[in-house]
Amino acid sequence: MTAAEQYVAAAYLVVFVVVLLYVLIIAAKLQRLEQSIQDLTVAGEAASDEPAREPPRPSASQQGQLGAVEAHLS
Amino acid sequence: MEGTLRSVMHSQRPRLTLSACLALVLVGAAVALIAYYAPEDADQGLSQKIFYFHVPIALTAYACFGWAAWKAFRHLSRRQAGADLESYVAVHIGVIFGVLTLATGSIWARISWGVWWTWGSDQLVLFLVLFLFYCAYMMLRFSVADGPQRANLCAVYALFGVVLIPVSFFAIRLSQDFIHPVVFNQHGPQMAGSMLLTLCVAYAALLALASTLYRIEVAGKRIEKRLRELKELRA
């Protein structure tokens, strides 16, 4: 291999390696994004599967007060 | 939530696939033309084959910086949504092509002139200034907090930078620089038709490659932004 051939091969190799590295970095980033989307989807599904919360029941004293109000109104 | 992200990804897919296929075909065609069709240069011999990638890479870097300036202008004049992000990605791709221009040019200089770099050539120094200017754009972008202020600052910077492109391109033609060869002068391209065809195909290939990388990067950045917003909403 002559010196000229070596330099030409080196120049083309540099272009190839830089583009390849860039594509690999982008691929890794997209994989990470896909994982994040999956995590969010799982979290969203888990949240939608949870039963709706019941409103808190009034305590005994509050029930007594409510009864008194109702009796007064009636 | 998932549907929004899927729509972002699906809207980009057909054009992205087309762009990637075009880039692949054109790069393959360019390599074949360089290897088997383009004749060896009478003066420089085989080392001149670096020219077919070195010049289109430099021109693609200019195109990226020009596109970044156009998007910056759209951001400043019309407040186009996403123009700031697109301008940044164009600068990013342009800087990568700038690195490739300097690397391939340096290898070519070593075999043609016997040195890796010479400060005596205006073309080289001006391209280095242009490259460093856009490297500083990155520093500016990452030193200001995300928001409208950063977008405006970066847009103004990208618009100023585009002025350096014609300076870099024409300065060599106006100055008395005999080190760096000039193949396109006022009499047209100074090369054989087969060489010009190979150069044009290589330029088309690199533009297609840059366009594909740009689309991928923009799509990725948009998805990343939406994800960040969704995570903030959930928190």
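This is a predicted model: local features need pLDDT of at least 70, side-chain atom pairs count only at pLDDT 80 or more; totals for chains, interfaces and linings use all residues.
Colleague: How are α4(B) and α5(B) oriented to each other?

Modeller: Helix α4 of chain B covers residues 122-143 and helix α5 of chain B covers residues 148-161. Their axes come within 10 Å and cross at roughly 175 degrees. Angles over 145 degrees count as roughly antiparallel. The two helices, α4(B) and α5(B), are therefore roughly antiparallel.

Colleague: Which residues of α5(B) meet α4(B), and what is the make-up of the contact by class?

Modeller: From α4(B), the residues Phe133(B), Tyr134(B), Tyr137(B), Leu140(B) and Arg141(B) take part. They meet Arg150(B), Leu153(B), Cys154(B), Tyr157(B), Ala158(B) and Gly161(B) in α5(B). By class, this contact has eight nonpolar, one polar and two charged residues.

Colleague: What do the end C-alpha atoms of α3(B) say about its span, and how many of its residues are buried?

Modeller: At 1.5 Å a residue, the 30 residues of α3(B) should span 44 Å, and the end C-alpha atoms are 42 Å apart, which agrees. After α3(B) comes Gly114(B), with a positive phi near 85 degrees. The helix α3(B) is mostly covered, and its buried residues number 22 of 30.

Colleague: Which residues touch the most other members of the largest nonpolar core?

Modeller: This core has 62 residues. At least two residues each are supplied by α1 (3-49) of chain A and by α1 (2-37), α2 (51-78), α3 (83-112), α4, α5 and α7 (193-234) of chain B. Leaving out residues up to four places away in sequence, Cys64(B) touches Ala90(B), Ile93(B), Gly94(B), Phe97(B) and Ala210(B). The members that touch the most others are Cys64(B), Ala68(B), Val91(B), Ala158(B), Ala202(B) and Ala205(B).

Colleague: What share of the contacts in chain B with a separation of 6 or more joins residues 24 or more positions apart?

Modeller: Chain B has 235 residues, of which 37% are buried. Among its contacts with a separation of 6 or more, the share from residues 24 or more positions apart is 78%.

Colleague: How many residues of chain A are in contact with chain B, and of which classes are they?

Modeller: On the side of chain B, 26 residues are in contact with 21 residues of chain A. By class, the side of chain A that touches chain B has 16 nonpolar, three polar and two charged residues.

Notes
Residues are numbered from 1 along each chain as its sequence is written. Chains are lettered from A and ligands numbered from 1 in the order in which they are written. Axes are lines fitted to C-alpha atoms, for helices over the stretch in contact, and angles run from 0 to 180 degrees between N-to-C directions. Helices (H or I, at least four residues) and strands (E, at least two) are DSSP runs, numbered from the N terminus. Angles under 35 degrees count as roughly parallel, over 145 as roughly antiparallel, 65 to 115 as roughly perpendicular and the rest as oblique. Two residues are in contact if their C-beta atoms, placed from the backbone, lie within 7 Å. Ala, Val, Leu, Ile, Met, Phe, Trp, Tyr, Cys and Pro count as nonpolar, Asp, Glu, Lys and Arg as charged, and the others, Gly among them, as polar. A residue is buried if 20 or more other C-beta atoms lie within 10 Å of its own, exposed if 12 or fewer, and partly exposed in between; C-beta atoms are placed from the backbone. A nonpolar core is a set of buried Ala, Val, Leu, Ile, Met, Phe, Trp, Tyr and Cys residues joined through C-beta atoms within 7 Å. The expected span of a helix is 1.5 Å times one less than its number of residues.
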